[in-house]
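Load the model and keep the sequence beside it.

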Amino acid sequence: MRFVKPLDRAMILELARSHQGFVTLEDNVIAGGAGAGVGELLAAHGISMPILHLGLPDNYLDHASREELLAESGLDVAGIESAIRTRFASLIPVAAMRSAG
């Protein structure tokens with residue numbers, strides 16, 4: 001998304017018509033974040049589709065570098081890819097799964 005507030009409602013609703021699911025990714029807590037806004041908008045319009053919200057947990061994080069905190073929360077490249085493959089396994093063609101390793 002280009003911006004969070006206000007949500008680009010028209011863009012999100014158009015994407016919901018042309019896609020089979022959503023992934024929201026933020027380096028802030030999930031609760032009350034941009035992804036929650038997307039989910040609320042879709043629900044308000046009666047749109048039911050798979051959504052994967054990725055973000056930081058809503059609890060205290062130990063001191064570490066930004067990269068370490070993101071990795072611990074599954075927000076590094078490997079964690080994001082794994083979460084998407086797990087949540088949307090039924091939407092990913094078998095050939096694509098094989099070629100990506």
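Strand β1, helix α2 (residues 34-44) and strand β2 form a right-handed β-α-β unit. Right-handed has a set meaning here: with the strands pointing away from the viewer, the path from the first strand over the helix to the second runs clockwise. Helices (H or I, at least four residues) and strands (E, at least two) are DSSP runs, numbered from the N terminus.

This is a predicted model, so local features need pLDDT of at least 70, side-chain atom pairs count only at pLDDT 80 or more, and totals for chains, interfaces and linings use all residues. Residues are numbered from 1 along each chain as its sequence is written, and side-chain values use heavy atoms, with hydrogens and water left out.

Now the strands. β1 (residues 22-29) and β2 (residues 51-56) run parallel, joined by five bridges. Two strands pair if DSSP finds at least two bridges between them. Thr24 is found in β1 and stands opposite His53 in β2. Is Thr24 buried or exposed? Thr24 is buried, with a relative accessible area of 9%. Buried means under 20% relative accessible area, exposed over 50%, and partly exposed in between (1.4 Å probe, protein chains only). Thr24 touches Gly35, Val38, Leu52, His53 and Leu54, leaving aside residues up to four places away in sequence. A contact here is a pair of heavy atoms within 4.5 Å.

Turn to the helix. In α2, the buried residues are Ala34, Gly35, Gly37, Val38, Leu41 and Leu42. Viewed down the axis of α2, they fall within an arc of 160°, so they line one face of the helix. That arc is taken over the directions from the helix axis to the C-beta atoms. The cover over these buried residues includes α1 (9-18), β1 and β2. On the other side of α2, Glu40, Ala43 and Ala44 are exposed. Just after α2, Gly46 has a positive phi of about 70°.

Step back to the whole chain. It has five helices and two strands, in the order α-β-α-β-α-α-α along the sequence. Of its 101 residues, 25% count as buried. Among contacts with a separation of 6 or more, 64% are between residues 24 or more positions apart. The C-alpha atoms fill a box of roughly 40 × 40 × 20 Å along the principal axes.

One side-chain detail remains. Arg87 lies over the face of Phe88, at 5.5 Å from the ring centre. The test requires NZ of Lys or CZ of Arg within 6 Å of the ring centre and within 35 degrees of the ring normal.
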